[in-house]
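Me: I would like to learn how to read helix packing and sheet pairing from a model. Please take me through one case.

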Amino acid sequence: MISDEALMLEFQGGSREAFEELFARYREPLFGFFRRRLESQERADDLMQETFLAVIRATSRYQPRALVRTYLYGIALKSLAAERRRERRSDPSPQVDAVDGALDNSLWVRRALEKLDPSEREILMLREYEQLSYSEVADLLRIPVNTVRSRLFRARMALKNHLEPQPSRDREGAKT
Amino acid sequence: MNMHPIEQEELMAYLDGELPVDRAGVAAGHLKHCRECQSLAADLQGVSRRLMEWQVSVGQASGLPVLAAALKERGAKPRKRPRIVWRWVWAAAGAGVVALLAVPSFQLASRRQKMHEIADQIDAVQAPRRKVAEQLTSYMVAQSPMIARTAELTLTTNDFDKARAALEDILKRHSGYLGQLNVNAPPSAGRTLDATLRIPATQRDAAIAEIKKLGRVEAESQTGEEVTAKYVDLEARLSNARNTEQRLTEVLRERTGKLADVLAVEESISRVRGEIEQMEAEKKTLTTRVEFLTLVVRLTEDYHAQLHMAPDSILGRCRNAAIVGYKSMVDGVVAVILFLLSYGPNLLIWAAVLFFPARLAWRKLRRS
């Protein structure tokens, strides 16, 4: 199978098929990236598209110095930061979608994640959901690998403690 | 005092496949024996499993029309003027969004078709590629308990041959296979069959119920061993070893150094490959133990002693008597010959020695 980097170079050379292949590979992971970090599904979809638009715009300047995966998540992180800034400026209480519409198991996970320190949460999510390596996370967040490792450990231990009160207890908390 | 040769963070990095080779070896060795670290590893893996409960599905909007427009603009404009291209891309993107909002029904149908095409591409491309999917599957497997089951049945049957044939038929119908089979037929006891059968776990209850009907159940036992933790640990170690092998291969490919260093890396690759193969074999064995029930069956035949009431024929008895007589005569002659050969020379010597004194004594006795 052709590597992401080779596809990117082909796209740079004008191959539309190469872009479609990249789109097929990263559409769902990027959507998941935004969906887990934003309340609105529609905005998650918009930002996923904007990430690919940014790739299209920056094609001519692309140089294969880093993995395409890291490159894409780098753009996604910047888009996410801009979106959060925009949210803060425009509306302090954005419209919230009913996430999957029910009190499913993921609710407890989301609540536990919300309790984490933002920097540790981001590292944990990049590792667990985006499956990035420690060095890729370090590159993206511009922090040392050892910092990634120690924060990731702290995040996992904290999350374990937050998750330990099982759903019954959390449900009681939700009622109050 | 800390007695662990690895730090907790290193253990986590080991489970993530992020630990250098030398430390990974230490971590693997320590994890086998240290219950505290096994507990920590289980906690870390548990957190990962819980996180996987939060799955999101991709939205209905594919983004394709907007991107298609952007691509079209990109293809239409000269690439040496990127700033102008950007404007066109944005304009086209905006037009695409407007068009998307006002899209007529026939365009929606076309879009859906394209969506399906792209979804097919995603399925085709992602299946072998995404590490996420692999790990998720692994976690999903690990989430339901994995039980390795063993059962033993002791049966007694009146019709041994029929029961044996039925047993083979049951095995065949339930897609099982024979692990081992021993049949004994002692002269003064019933025949016994000892068999170890492997039956798919899904067919377990039905197969056992049918086998019980083959005779009278003398004893039955079932045991189950949960191997989930063992499986998850094996998966984690396997993943780590594969990552290590990949990294070593990259090191070997990209770096040049002293011959001794290259040989050391090659040796490490060989060792890691051996470990991977060993772990894959363990994983396969573990999976087979879970997927197949091990059923030990002992089938014993009811023994009926045979009583021969009919007398033998006269001719047969005469023949037997003649044979016995002839054999007795031959045995007697042979016994005499053997006696003479054994004691004859001794007797002759004693006869020669005693003959003259005996004759002298006899004559004196007669004279007197």
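Me: How many helices and strands does chain B have?

Reply: Chain B has 12 helices and 5 strands. Helices (H or I, at least four residues) and strands (E, at least two) are DSSP runs, numbered from the N terminus. This is a predicted model, where local features need pLDDT of at least 70, side-chain atom pairs count only at pLDDT 80 or more, and totals for chains, interfaces and linings use all residues. Residues are numbered from 1 along each chain as its sequence is written, while chains are lettered from A and ligands numbered from 1 in the order in which they are written.

Me: How should I read a sheet, and what is the strand order here?

Reply: Strands of a sheet pair through backbone hydrogen bonds, either parallel or antiparallel. Two strands count as paired if DSSP finds at least two bridges between them. In chain B, 5 strands form an open sheet with mixed pairing, in the order β2-β3-β5-β1-β4. Its edge strands are β2 (177–184) and β4 (216–226) of chain B, each pairing on one side only. From one strand to the next, the twist averages 10°.

Me: Which strands pair with β5(B), and in what sense?

Reply: Strand β1 (residues 147–157) of chain B runs parallel to β5(B), joined by 8 bridges. There, Thr157(B) has Glu301(B) as its bridge partner. Strand β3 (residues 192–200) of chain B pairs with β5(B) in the antiparallel sense, over 9 bridges. Arg198(B) stands opposite Thr294(B) of β5(B).

Me: How enclosed is strand β5 of chain B?

Reply: A residue is buried if 20 or more other C-beta atoms lie within 10 Å of its own, exposed if 12 or fewer, and partly exposed in between; C-beta atoms are placed from the backbone. In β5 (residues 292–301) of chain B, 7 of the 10 residues are buried, so the strand is largely enclosed by the rest of the structure. Over the 368 residues of chain B, buried residues make up 21%.

Me: What about the pairing at β2(B), and which helix packs on the sheet?

Reply: β2(B) and β3(B) run antiparallel, joined by 7 bridges. Leu178(B) is opposite Leu197(B) of β3(B). Helix α8 (residues 160–173) of chain B packs on the sheet and touches β1, β2, β3 and β5 of chain B. Its direction makes about 170° with that of β5(B). Axes are lines fitted to C-alpha atoms, for helices over the stretch in contact, and angles run from 0 to 180 degrees between N-to-C directions. Two residues are in contact if their C-beta atoms, placed from the backbone, lie within 7 Å.

Me: How do I describe two packed helices?

Reply: Two packed helices are described by the angle between their axes and the distance between the axes. Here, helix α8 (residues 145–163) of chain A packs with helix α1 (residues 8–15) of chain B at about 90°, their axes 10 Å apart. That makes α8(A) roughly perpendicular to α1(B), a label for angles of 65 to 115 degrees. α8(A) contributes Arg149(A), Ser150(A), Phe153(A) and Arg156(A) to the contact, and α1(B) contributes Gln8(B), Glu9(B), Met12(B) and Ala13(B).

Definitions and conventions: Angles under 35 degrees count as roughly parallel, over 145 as roughly antiparallel, 65 to 115 as roughly perpendicular and the rest as oblique.
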